[in-house]
Amino acid sequence: MKSNSPFYQDKCAAARAKKKASYMSRKSKTGLDMSKKDKDGKFLKKEIPITEEQNLAEFNREIKEFECVNGVLKLKQTDND
């Protein structure tokens with residue numbers, strides 16, 4: 001059940017803003033280097049530079065996976081969970 005309380009909405013807006021700030025402050029993200037493997041045959045990880053536009057696009061995609069519960073962002077439950 002969603003609340004229409006302004007206090008509740010402000011807490012959720014603050015939680016989203018904090019999440020967005022953490023995305024926007026990133027300068028790089030970790031990815032797999034598909035051209036190199038370690039001795040176990042696993043791909044090595046590398047830092048990939050990321051722009052503000054890419055950060056914002058990723059935030060907009062992933063924020064849909066969260067729901068706000070009492071001012072805290074939590075992953076939405078899916079049928080697979």
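Glu58 pairs with Lys29 in a salt bridge, with 3.6 Å between the closest N and O atoms (a side-chain nitrogen of Lys or Arg within 4 Å of a carboxyl oxygen of Asp or Glu). That joins distant parts of the chain, Glu58 in helix α2 and Lys29 in strand β1, 29 residues apart. Helices (H or I, at least four residues) and strands (E, at least two) are DSSP runs numbered from the N terminus.

This is a predicted model, so local features need pLDDT of at least 70 and side-chain atom pairs pLDDT 80 or more, while totals for chains, interfaces and linings use all residues. Numbering starts from 1 along each chain as its sequence is written, and side-chain values use heavy atoms, without hydrogens and water.

The whole structure holds two salt bridges. Glu58 also bridges to Arg26, so helix α2 (residues 52-62) is tied to the loop between α1 and β1, 32 residues apart in sequence.

| Residue | Relative accessible area | Class |
|---|---|---|
| Glu58 | 11% | buried |
| Arg26 | 23% | partly exposed |
| Lys29 | 33% | partly exposed |

Now the disulfide (cysteine sulfur atoms within 2.5 Å): Cys12 and Cys68 have their sulfur atoms 2.1 Å apart. The S-S torsion is about -90°, so this disulfide is left-handed. Cys12 sits in helix α1 (residues 6-24) and Cys68 in strand β3 (residues 66-69), so the pair ties together parts 56 residues apart in sequence. Both Cys12 and Cys68 are buried.

Methods
Buried < 20%, exposed > 50% of the residue type's maximum accessible area, 1.4 Å probe, protein only.
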